[in-house]
Amino acid sequence: MNKTSLQPEKVQYMLRPLLTVLQDDALWASFMAYARSIRADAVMAFSTHLEANHPDLDTLRERMPLFAKRFAEVRAAGMSPMVNYYVTMGHAHMLPAEHAQAFTDMVDAQGRKETGCPCPLCPEFRRYIVEAYKLFASLDVDAIWIDDDYRLFGREDTNAFLCFCDRHLEEFGERTGVLYSREEIQAALLKDPQSCTAEELQLRQDWRLLQEDVLVELGALLRDASESVNPNIRMGLMTNTLEMMLRNGRHLDAEIRALRTERQPEPYVRIGGASYTDEHLPGILDRCVTFDAMAAMITEPSRIGSEIEQFPWTIGGKSARGLALELYLLTVSFSPLLTLSINDGFLGFDDVSGNYRKELWPLKDYLQAVTDALTGKTRKGASLPFPNDPAVTAGMNLNGAPLPRFQHALTRIGIPVAPDDRTPTLLTINEATAYAEETITAWLKQGAIVTSEAFYHLCARGIVHDCPIRAEKGDMSQRTTLERITAPHAPDWLRNKDVVSWLYIPLHTNYILSAGEGAEVWSELYDNLGGLQSPGVIVTKQPYPMAVVAHTGDLLKETGRQWLYQHLMSYLTDGEYPAMVEQGVNLYPVWWEGGTEALLGLTNFSLETYPSLQLWIPTRRKLARVERLTRASTWIEADASAAAHPDGGIRLTLHGESVPAPVSFATFRLTFAE
């Protein structure tokens, strides 16, 4: 997929007011004044609030005149009216309204019910929700969005892989020809896929296919209902966290196909799992990178945007600067379609300091200039694959173990990632066991960083052979481990120096590495008594360009490992990698290139101030010009200098205003000589 093709042509602010804002004239007036003051493009109003998950249809009909009145004002103000349908299947346990007591509740593998969250196979629920969507779609609205409760996992009172109600078990039995119990299905789902039999793997895949098909079928019903009363309507789909997407039976491409209408064949898709506060600034960076990965799972034509959760008035809190940094990174990463929640429907909508208005009005022009500059360019960086194929996800560990955070770890040490660009690829145990041999081999041929655990299993599968690197089962689980950087080209301040591993850097302690002729050890792991346990990082070009690492891919934020991983990227790409930040952490570059031009988006998620900042661009090209985008959205010559980097390529040094301040960002346009 080429993400440049998915970007809307215009930056869009899409505000999401709660129903309570619509119900109060004073709150509504304040909200609309704010929407105008930041040049909002759309108002996506919540259909319900903190009440029964599914109000009866008469209650909803009584609200239609109010919605019609508010949406007419939105239209008259030059903004697009939309509905955020809240909720379709229910976020969590809530007491059901009297009519909804007839719905079949979701059930987990232990038989526990999620009261008020109906199973999408329930016919009474389907009849209700189809009529409810018709009511809101019949208004003068441009889109109706399905909220992120549209899932079969992640609720309050239930556990594991929903839904195990009798309707689901019966449907699964009809599909497979076997009437499985909840316990049998759950056991297969929670089992380590490496120890699953072929029959158990097939059961896992069949179950995921059922879960995916159920959501796709319901999506098609909601589309038909909405389109029948509003042929011009565009459907919208909201997602949640990446973990939920992989674990709870979601096939985004299939759901997008189900939401196409004849006149609007590209549904909206809002990537979710946003940061609610700026209390932990690098946490916003992690969330944005996760959005990035989810966007890359989608190959169907769609209008992809991002979720920005905004609670600055009563709870949590996100500063105007933190918000701007988040909006910038999401825009420069994959899309300028931005959905902002406006969720204080209780105490009144106020921008007391006025900083949101001051920031968001001019920021829109800046984001538009960034979007325009991305045209025709391709994102570059390292990649950790995220699948959309049930045949692959069925082979992954779905039992709640945390997903690898390689991409998060690299962003913290200034290394660009790009989920669409497969050079180099980051391979963990999930990829090593779940993907087909030909897919893995294609990644390896382009260069890959492979964990020792993953490498062991690639060798066991016969995918990697005749390789000078070896991995054996072993034990280096001592409570303290030091990693010594032994790469011969390491700088004096680092070569043969120890960096702490166990305390902060998780390792695969069950595998011992060794290097033969044709491989080079770049680091070694020692126990606290000075005993050598295993190489930590080994590189080779035989039979593929690879770096096998003992690190799990979490928590690499340390200057020695920053050097180590940046040189791994250069090694694997033969010295043609995007710009990387040197000697600075929590500064993250995003890199796009096309022809002789590149665009660099540089974000500072730290509280550190740098008088100057160095970046390494491992490339054989010659840099001809560096420009910076001013906050007035004009390109000027950057305050920067370029010199030959001692390890090859270019050392670009930023000075003065070209260095992004704490909690800020900068955009650069680099031109290379023909």
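**Terms and the values behind them**

Trainee: Why is Thr451 called buried?
Mentor: Thr451 has 0% relative accessibility, and buried means under 20% relative accessible area, with exposed over 50% and partly exposed in between (1.4 Å probe, protein chains only). Thr451 therefore counts as buried. This is a predicted model, in which local features need pLDDT of at least 70, side-chain atom pairs count only at pLDDT 80 or more, and totals for chains, interfaces and linings use all residues. Residues are numbered from 1 along each chain as its sequence is written, and side-chain values use heavy atoms, with hydrogens and water left out.

Trainee: Where is Thr451 found, and what does Thr451 touch?
Mentor: Thr451 is in strand S13, residues 448-451; helices (H or I, at least four residues) and strands (E, at least two) are DSSP runs, numbered from the N terminus. Leaving aside residues up to four places away in sequence, Thr451 touches residues including Phe406, Leu427, His508 and Val548. Contact means heavy atoms within 4.5 Å.

Trainee: What makes a set of residues a nonpolar core?
Mentor: The set must consist of buried Ala, Val, Leu, Ile, Met, Phe, Trp, Tyr and Cys residues joined through side-chain atoms within 4.5 Å. The largest such core has 153 residues, and Leu410, Ile449 and Tyr565 have the most contacts inside it. A second, separate core of 24 residues includes Val392, Tyr435, Phe455 and Leu513.

Trainee: How do you know that the buried residues of H5 line one face of the helix?
Mentor: The buried residues of H5, residues 166-176, are His168, Leu169, Phe172 and Gly173. Seen down the axis of H5, they fall within an arc of 135°, so they line one face. The arc is that of the directions from the helix axis to the C-beta atoms. Asp166 and Glu174, on the other side of H5, are exposed. Helix H6 (182-190) and helix H7 (198-229) are among what covers the buried residues of H5.

Trainee: Why is the protein called as compact as a globular protein of its length?
Mentor: The protein has 18 helices and 29 strands. Its radius of gyration is 26 Å, close to the 26 Å that the globule rule gives for 674 residues, so the description applies. The radius is taken over C-alpha atoms, and the rule is 2.2 Å times the number of residues to the power 0.38.

Trainee: How much of the protein counts as buried?
Mentor: Of the 674 residues, 61% count as buried.
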